[in-house]
Amino acid sequence: MELRIYQPNDGKEMAELFYQTVHTINAKDYTKEQVNVWATGNIDLEAWNESLMDNYTIVATHNGVITGFGDIAPTGYLNRLFVHKDYQGVGIASTIYNELEKHFCGKYVFTHASITATPFFEKRGFRIVKEQEVEKGGIKLTNYVMEKYL
């Protein structure tokens, strides 16, 4: 596995990874209706790229394939952390997260973790601040505000 900084031409492949991961991995904790509004398959690649460029974004690759990515905002908000559906459980998320945390110089990191991702973050010292329901396309999805003091 290799880690590198996000490049704008990564966006399309990362959007596909996001879609496939949500529709396969997160589908065990969310309904079909929920994953369909969460990951529609119609990402505005220009806005996606702008968001990823505004944050510190790390991409993991293996033999030229993007296997995962994550990004953290200057505020400490861990916005995204996704691993390719075919590369789960081999340490990619941990490696990306460790690099993001190492880069961040603030006092604490926080995220809005899916039901699926909550155990991952708890193992890394995050605590649940609150459970919340967010609405997308008229559909409610449960996630957790989590934080970790560094």
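Predicted model: local features only at pLDDT ≥ 70, side-chain atom pairs only at ≥ 80, totals over all residues.
# A guided look at helices, rings and cores

Visitor: At what angle do helix H1 and helix H3 pack?
Guide: Welcome! Helix H1 covers residues 11–24, and its axis lies 10 Å from that of H3. The angle at which the two pack is about 95°.

Visitor: Are H1 and H3 roughly parallel or roughly perpendicular to each other?
Guide: Angles from 65 to 115 degrees count as roughly perpendicular. H1 and H3 pack at about 95°, so the two helices are roughly perpendicular.

Visitor: Which residues of H3 make the contact with H1?
Guide: Let's take both sides in turn. H1 brings Gly 11, Lys 12, Met 14, Ala 15 and Phe 18 to the contact. From H3 come Leu 45, Trp 48 and Leu 52.

Visitor: How many aromatic pairs are there?
Guide: Rings pair if their centres lie within 6.5 Å. By this rule the count is twelve aromatic pairs.

Visitor: Is the pair of Trp 48 and Phe 69 stacked or edge-to-face?
Guide: The ring centres of Trp 48 and Phe 69 are 6.0 Å apart, with the planes at 75°. Planes over 60 degrees apart count as edge-to-face. The pair is therefore edge-to-face.

Visitor: How many residues apart in sequence are the parts that this pair ties together?
Guide: Trp 48 lies in helix H3, residues 45–54. Phe 69 lies in strand E3, residues 65–72. The pair therefore ties together parts whose separation in sequence is 21 residues.

Visitor: Which strand holds Phe 82, the aromatic partner of Phe 69?
Guide: Phe 69 and Phe 82 form a tilted pair, 6.0 Å centre to centre and with 35° between the planes. Phe 69 is in strand E3, so the pair ties together parts 13 residues apart in sequence. The strand that holds Phe 82 is E4, residues 77–83.

Visitor: Is Phe 69 buried or exposed?
Guide: Buried means under 20% relative accessible area. Phe 69 has 0% relative accessibility, and Phe 82 is buried too, with 11%. Phe 69 therefore counts as buried.

Visitor: What lies over the face of Trp 48?
Guide: Trp 48 belongs to one aromatic cluster with Phe 18, Phe 69 and Phe 82. At 5.0 Å from the ring centre of Trp 48, over its face, lies Arg 80.

Visitor: Which element gives the most residues to the largest nonpolar core?
Guide: This core has 20 residues, and among the members that touch the most others are Ile 72, Leu 81 and Phe 121. Elements giving two or more residues include strand E2, helix H5 and strand E7. With five residues, the element that gives the most is H4.

Visitor: How many residues are in the other core that lies apart from it?
Guide: Among the members of this other core are Leu 17, Val 22, Trp 38 and Phe 69. Its number of residues is 19.

Visitor: Where is Ser 114?
Guide: Ser 114 is buried, with a relative accessible area of 11%. Beyond residues up to four places away in sequence, Ser 114 touches Asn 26, Tyr 30, Trp 38, Asn 143 and Tyr 144. Its place is in strand E5.

Visitor: Is Asn 63 buried or exposed?
Guide: Asn 63 sits in the loop between E2 and E3, with a positive phi near 50°. Exposed means over 50% relative accessible area. Asn 63 has 71%, so this residue is exposed.

Definitions and conventions: Residues numbered from 1 in each chain as written. Heavy atoms only, no water. Phe/Tyr/Trp six-rings, centres within 6.5 Å; stacked < 30°, edge-to-face > 60°. Helix = DSSP H or I, 4+ residues; strand = E, 2+ residues; numbered from the N terminus. Buried < 20%, exposed > 50% of the residue type's maximum accessible area, 1.4 Å probe, protein only. Lys NZ or Arg CZ within 6 Å of the ring centre and 35° of its normal. Contact = heavy atoms within 4.5 Å. Core = buried A, V, L, I, M, F, W, Y, C linked by side-chain atoms within 4.5 Å. Axes fitted to C-alpha atoms, helices over the stretch in contact; angles between N-to-C directions. Parallel < 35°, antiparallel > 145°, perpendicular 65-115°, else oblique.
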